[in-house]
Amino acid sequence: MDNDSLKKIISHSKEYGFIFPSSEIYEGLNAIYDYAHNGALLKNNIREYWWRSMVQLNENIVGIDSAIFMHPKTWAASGHVDAFNDPLIDNKDSKKRYRADVLIEEFIEKLKSKIQKEVQKAEKRFKEKFDKVQFLNTSPKILEITNQINELKSRMISAFEKDDLVEVKKIIDDMEIKCPISGTCNWTEVRQFNLMFSTKLGASEESSMDLYLRPETAQGIFLNYLNVQKTSRMKIPFGIAQTGKAFRNEIVARQFIFRMREFEQMEMQFFIKPGTQENWFNHWKDKRLSWHLNLGIDPSLFRYHDHDKLAHYADAACDIEFNFPFGFKELEGIHSRTDFDLKSHEELSGKKIQYFDPELDKNYTPYVLETSIGLDRMFLAIISNSFKVETLEDGSTRNVMSIPKQIAPNKLAVLPLLKKDGLPEYARKVMNEFSHKINLVYDEKDAIGRRYRRQDAIGTPYCITIDHDSLKNETVTIRDRDSMKQDRVKIEEVKKFLNSKIDISIWLKKLSW
Ligand code: ATP
């Protein structure tokens with residue numbers, strides 16, 4: 001996969017009603033997108049898979065839907081007013097803006113891939129005799145690169161911990177990191193930039209209050225956690241899940257829906273006893289990866305990335321990365337947030353928000369384990385993995401979206417072979433059998449082959465075709481999107497077949513949480 005395939009995905013998404021650039025007739029808005037019919041269906045299905053697996057399958061996780069606007073003190077307590085900054089740097093020649101930390105991290109990744117290449121070369125040379133561990137520990141070239149990586153990492157961590165932007169710039173200069181567009185090292189100084197959008201609440205200038213659009217959904221959970229715990233009669237450990245919009249004025253937003261300024265998060269905060277965070281961190285790392293793999297996506301497209309540079313609230317953090325068309329990047333974060341948020345809210349509000357533990361017979365501030373995934377990023381992971389241009393046996397090509405069947409936008413297309421002889425009427429009758437249960441499409445226009453292609457392009461897993469035999473013996477042909485195989489079955493069988501293939505509950509059961 002490369003940027004060219006990302007371009008194809010973007011134009012396919014527009015042409016087939018998944019994603020449109022927002023406000024297109026006014027030239028659009030950078031990094032803001034609208035979801036069209038098929039996109040909205042797919043997004044709903046991903047959200048449903050997340051919500052049901054987190055809330056329905058875990059009796060100690062409950063849901064919430066908190067408001068986007070929150071009291072401005074929320075963001076002072078959470079650290080977002082002071083610390084939700086990205087260090088930005090501009091290249092004077094290309095006039096492109098970058099995040100300084102990302103430039104350095106990408107440089108480290110390049111060094112790591114150099115090691116990878118050396119290993120592959122040696123593997124080829126030494127064949128069966130190759131001892132990878134020994135090679136990594138003794139090859140002078142590898143040792144030199146490893147040292148360089150370690151030095152660079154510790155310089156970077158220390159510079160960011162001290163908020164020393166001069167040193168950050170110096171690292172970029174020392175490493176001679178180049179702008180990917182201009183290829184030059186002609187950089188500006190590094191500056192901090194706060195990512196929150198602000199707005200005003202209230203009618204008059206004097207009485208209005210400065211507010212922020214929430215940059216994460218998590219704080220709505222923290223402020224409500226005691227209300228939720230009491231009303232849902234939860235005992236620690238328990239979790240609160242929420243999906244909803246978040247807003248960030250991102251500096252660099254140029255990878256389609258990967259980095260948007262308005263996006264949706266699916267977050268779960270898990271409240272635990274202090275001291276147990278390491279176990280729960282590993283537990284949720286494991287669970288969340290299995291949630292992804294349960295969709296049947298190639299496991300080699302996922303990897304963990306443990307953080308060296310921790311956010312101000314965390315004592316451990318790991319990303320689940322996905323191999324997007326532009327390489328491995330964060331899809332989901334698992335963060336051990338300690339008691340930072342709850343303690344800060346307690347201090348700033350002056351309200352006691354401690355949990356009373358009946359087993360220990362005492363109050364304490366719980367620690368928090370967070371799982372946080374961007375719905376739009378998950379959407380991009382799904383479509384970039386699903387989109388294929390296949391060459392068929394007869395030399396023709398087809399665009400197919402092999403979206404995991406259980407979350408495909410439409411589950412079924414009903415196609416009368418001809419627009420006459422009572423076939424459309426019969427097809428509509430068949431449709432009525434299913435339309436209350438699943439999203440489906442009715443299509444009677446064009447030759448059947450073209451109609452199959454249209455469904456392939458939007459990822460519909462099954463097409464059923466109604467022909468003259470259907471009227472005689474209540475049978476239809478059912479065509480599988482991926483194999484393109486067609487079977488003749490009784491209408492009654494279709495119901496059972498669909499239940500066993502596309503019902504989301506089957507995949508939830510497989511998760512066995
Ligand atoms: P990144 O390092 O890519 O900026 P982050 O570490 O700031 O991400 P978190 O604050 O951990 O992200 O947010 C949790 C999840 O929300 C991310 O894993 C990602 O899936 C999603 N997310 C964050 N920012 C954006 C964005 N601008 N557009 C789309 N999704 C986002």
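This is a predicted model: local features need pLDDT of at least 70, side-chain atom pairs count only at pLDDT 80 or more; totals for chains, interfaces and linings use all residues.
Residues are numbered from 1 along each chain as its sequence is written, and side-chain values use heavy atoms, with hydrogens and water left out.

Let us start at the ligand. There are 17 residues around the ligand, and Glu250, Arg259, Met260, Glu330 and Leu331 come nearest; a residue is near a molecule if one of its heavy atoms lies within 4 Å of it. Which strands each supply at least two residues of this shell? They are S10 (262-272), S13 (327-338) and S16 (367-374), where strands (E, at least two residues) and helices (H or I, at least four) are DSSP runs numbered from the N terminus. The largest share, five residues, comes from S13.

A polar side-chain atom of Glu330 lies 2.6 Å from a ligand oxygen, and a side-chain N or O atom of Arg377 is 3.0 Å from a ligand oxygen. From Gly374, a backbone N or O atom lies 2.8 Å from an oxygen atom of the ligand. The protein covers 87% of the 600 Å² of accessible area that the ligand has on its own, with areas from the Shrake-Rupley method and a 1.4 Å probe; for residues, only the protein chains shown count as cover.

Strand S16 also holds Glu370. Is Glu370 buried or exposed? Glu370 is buried, with a relative accessible area of 1%; buried means under 20%, exposed over 50%, and partly exposed in between (1.4 Å probe, protein chains only). The side chain of Glu370 makes a polar contact of 2.5 Å with the side chain of His335 and another, of 2.7 Å, with the side chain of Arg337. A polar contact is a pair of N or O atoms within 3.5 Å; within protein, one must be able to donate a hydrogen and the other to accept it, and residues adjacent in sequence count only if both atoms are side-chain atoms. Leaving aside neighbours within four places in sequence, Glu370 is in contact (heavy atoms within 4.5 Å) with residues including Ala218, Glu267, Met268 and Gly333.

Next come the charged pairs. Side chains of opposite charge can pair when their charged atoms come close. The structure holds 44 salt bridges, each a side-chain nitrogen of Lys or Arg within 4 Å of a carboxyl oxygen of Asp or Glu. One of them joins Arg99 and Asp86 at 3.5 Å, N to O. Arg99 lies in strand S5 (residues 97-99) and Asp86 in strand S4, so the pair ties together parts that are 13 residues apart in sequence. Arg99 is buried at 18% relative accessible area, and Asp86 is buried at 9%. Beyond four places in sequence, Asp86 touches Arg99 and also, among others, Arg191, Phe193 and Glu250.

Lys285 and Asp306 form another salt bridge (3.4 Å, N to O). Lys285 is buried at 13%, whereas Asp306 is partly exposed at 44%. A network of salt bridges links Glu390, Arg398, Arg453, Asp456 and Arg479.

Finally, take a look at the backbone. Most residues other than glycine have a negative phi, and most peptide bonds are trans. Where is the cis peptide bond with omega near 5 degrees? The bond runs from Ile236 to Pro237, and Pro237 lies in the loop between helix H9 (218-231) and strand S9 (238-247). Asp446 has a positive phi, near 75 degrees, and sits in the loop between strand S20 (440-442) and helix H14 (448-458). Glu474 also has a positive phi, near 55 degrees; its place is the loop between helix H15 (468-473) and strand S22 (475-480). Asp446 is partly exposed at 29% relative accessibility, and Glu474 is partly exposed at 44%.
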